[in-house]
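Hi everyone, thanks for coming.

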Amino acid sequence: MSPTLADVSTAAVPERGGGPQGLRLAPALTVISHPVPRRVGERLRLDALTTGREVSLSRNGPDFTRPGFALGQPLNDPFISRKPLVLSPGGRPGSVRLTSPDGGTRVALAGSVLEGTWELSEEELTTGVPLELGGRVVLLLHLMEPGDEAPAPDALGMVGESTGVRRLRRHIERVADLDVPVLIRGETGTGKEHVAQAIHQRSRRREGRFLSINLGAIPKELAAAELFGTQKGAYTGATQSRDGFFRAAHGGTLFLDEVGEAPPEVQVLLLRVLETGELFPVGGTTPIAVDVRLLAATDADLDARIRDGRFKAPLLHRLAGYDLHVPPLRERREDLGRLFFHFAREELTALGEAHRLDNDDAYAEPWLPAPLATRLVRFPWPGNIRQLRNLARQLVIGSRGQPSLQAEPRLEQELELAAGVAPGAAIPPSSDGPRAVEPPAPRRKASQVTEQELLGALREHAWDLKATAEALGIPRPSLYDLIDKSPNLRTAGDLSAEEITRAFEAHAGDLDAMARGLEVSRRALGRRLKELGLTPRAE
């Protein structure tokens with residue numbers, strides 16, 4: 001199992017500045033869930049927005065690419081409309097506007113239906129906003145630094161392409177072949193040990209031993225003996241000498257997790273080893289030289305502990321020969337789709353069901369349903385990557401034999417409550433926004449609808465395309481495709497000006513009667529009348 005690393009950054013994200021709207025960080029879209037699982041993680045950088053131009057997003061374009069690859073492809077989901085969702089620069093610095101066209105794809109913005117135009121602030125983009133397209137594809141609208149589209153120097157076992165992960169790879173390349181100590185800070189569950197393993201694997205000591213020790217799990221009275229060894233007769237019961245972890249890691253790397261839990265007497269001994277390269281076993285009087293690369297990690301605030309007198313400042317300065325910070329999972333939401341599918345594939349492989357993620361049928365139901373993907377993206381993840389891995393395992397095991405993942409009510413409630421909403425309620429955007437999402441209607445493939453069934457449904461619903469699509473159980477974009485492909489059906493755009501004028505006169509401007517007689521959409525016919533300067537009779 002390859003290690004999966006959390007987002008790491010040793011420098012602050014550059015502030016926005018420059019460009020027409022002060023955009024140094026460019027908006028981007030990352031695929032979180034798609035009916036074709038291999039497409040999860042593909043990205044579209046929205047550079048046009050930084051120069052004041054619009055971006056039109058539809059089924060047929062623009063292309064999404066996997067980081068490091070030159071060629072990409074559009075979303076290509078048959079349930080997404082060819083009528084584009086338009087993204088444009090907003091009225092405030094750093095903001096982005098989204099405009100959903102009439103009759104286009106149903107777009108849910110952070111769990112609420114987008115109707116008309118909605119503006120997202122810079123703060124919302126910094127957090128990341130999930131967009132559901134057609135109830136099937138989930139994209140994350142977020143910010144990305146310039147240059148992040150370039151291929152990473154090496155994957156180093158890390159899953160994800162967020163700005164922090166890419167920085168981490170660069171920092172590992174810079175420090176790995178040096179013998180300086182490294183202090184890795186971050187919340188619990190963010191993958192600090194995997195960062196240490198990656199450093200060791202790229203170091204000149206990679207043929208040596210990597211020894212990982214959790215200081216928080218060692219009783220304080222035994223910590224010195226476990227780390228530095230004991231001399232025979234040092235205490236009652238010490239019938240023979242013991243090497244300890246430092247000597248066991250000689251020539252390799254020693255990783256000390258939860259170093260903030262080291263007792264005061266152990267801190268003094270650690271400082272001596274770092275300064276002199278020598279240690280004294282418990283009960284010993286002769287120093288022993290050791291050749292060990294020391295990596296340490298903590299989720300504690302060591303600076304606060306120094307102020308409280310619980311940690312020694314000189315030791316912190318020695319441990320932090322190079323200082324890495326591991327941000328939490330909630331700050332790298334664009335990686336969440338790839339991370340989730342990575343863990344899910346591991347679990348499916350253990351069950352002998354990895355083939356469930358090898359689907360290339362764009363008409364298939366998404367294995368990770370869009371509403372669940374949105375909840376995963378918006379969840380705060382207090383347990384970080386460790387919690388995500390555990391949740392993926394529960395969902396996979398709980399959905400054995402099912403075509404897609406099914407979240408148990410308990411898990412759904414946990415996700416909803418942690419996102420700050422009542423169980424069962426739609427998750428609203430961060431400010432007053434569109435109305436709540438309604439559950440998507442049952443779907444079937446458009447290819448299953450016969451022409452006779454299509455014509456009957458259109459006539460039954462008076463060419464109301466929304467009602468017809470719902471009655472047939474297919475999305476409106478697929479209904480438009482069926483109409484386009486049918487030799488016996490036409491749209492209002494196919495009608496000549498003369499035919500429309502004759503119908504207008506024959507039905508005395510009654511729009512409903514005209515739509516029924518011409519067998520086209522009432523709304524589209526109304527637009528054609530407006531183009532021709534004809535005003536339908538008021539109802």
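Leaving aside its neighbours within four places in sequence, which residues is N384 in contact with? They are E187, T188, G189, T190, P328 and L329, where contact means heavy atoms within 4.5 Å.

A quick word on the source before I go on. This is a predicted model, so local features need pLDDT of at least 70 and side-chain atom pairs count only at pLDDT 80 or more, while totals for chains, interfaces and linings use all residues. Residues are numbered from 1 along each chain as its sequence is written, and side-chain values use heavy atoms, with hydrogens and water left out.

Back to N384, then. You'll find N384 in helix α12, residues 384-398; helices here are DSSP runs of H or I with at least four residues, strands are E runs of at least two, and both are numbered from the N terminus. N384 counts as buried because its relative accessibility is 0%. For that label, buried means under 20% relative accessible area, exposed means over 50%, and partly exposed is in between, using a 1.4 Å probe and protein chains only. The side chain of N384 also reaches the backbone nitrogen of L329, at 2.9 Å.

Now let's zoom out to the protein chain. The secondary structure comes to 19 helices and 17 strands. Of the 539 residues, 51% are buried. If you take contacts between residues at least 6 apart in sequence, 67% of them join residues at least 24 apart.

On to the charged pairs. A salt bridge here is a side-chain nitrogen of Lys or Arg within 4 Å of a carboxyl oxygen of Asp or Glu, and by this rule the count comes to 30.

Where do D510 and R537 sit, for example? Their closest N and O atoms are 3.0 Å apart, in a salt bridge. D510 lies in the loop between α17 (497-506) and α18 (511-518), and R537 in the segment after α19 (522-531), so the pair ties together parts that are 27 residues apart in sequence. D510 is partly exposed at 22% relative accessible area, and R537 is partly exposed too, at 47%.

Are D335 and R332 buried or exposed? Both are buried, and their side chains meet in a salt bridge at 2.9 Å, N to O.

D47 pairs with R45 in another salt bridge, at 2.6 Å between the closest N and O atoms; D47 is partly exposed, with a relative accessible area of 35%. And finally, D77, R136 and E365 are linked in a network of salt bridges.

Conventions
Polar contact = N/O pair within 3.5 Å; in protein donor to acceptor, adjacent residues only side chain to side chain.
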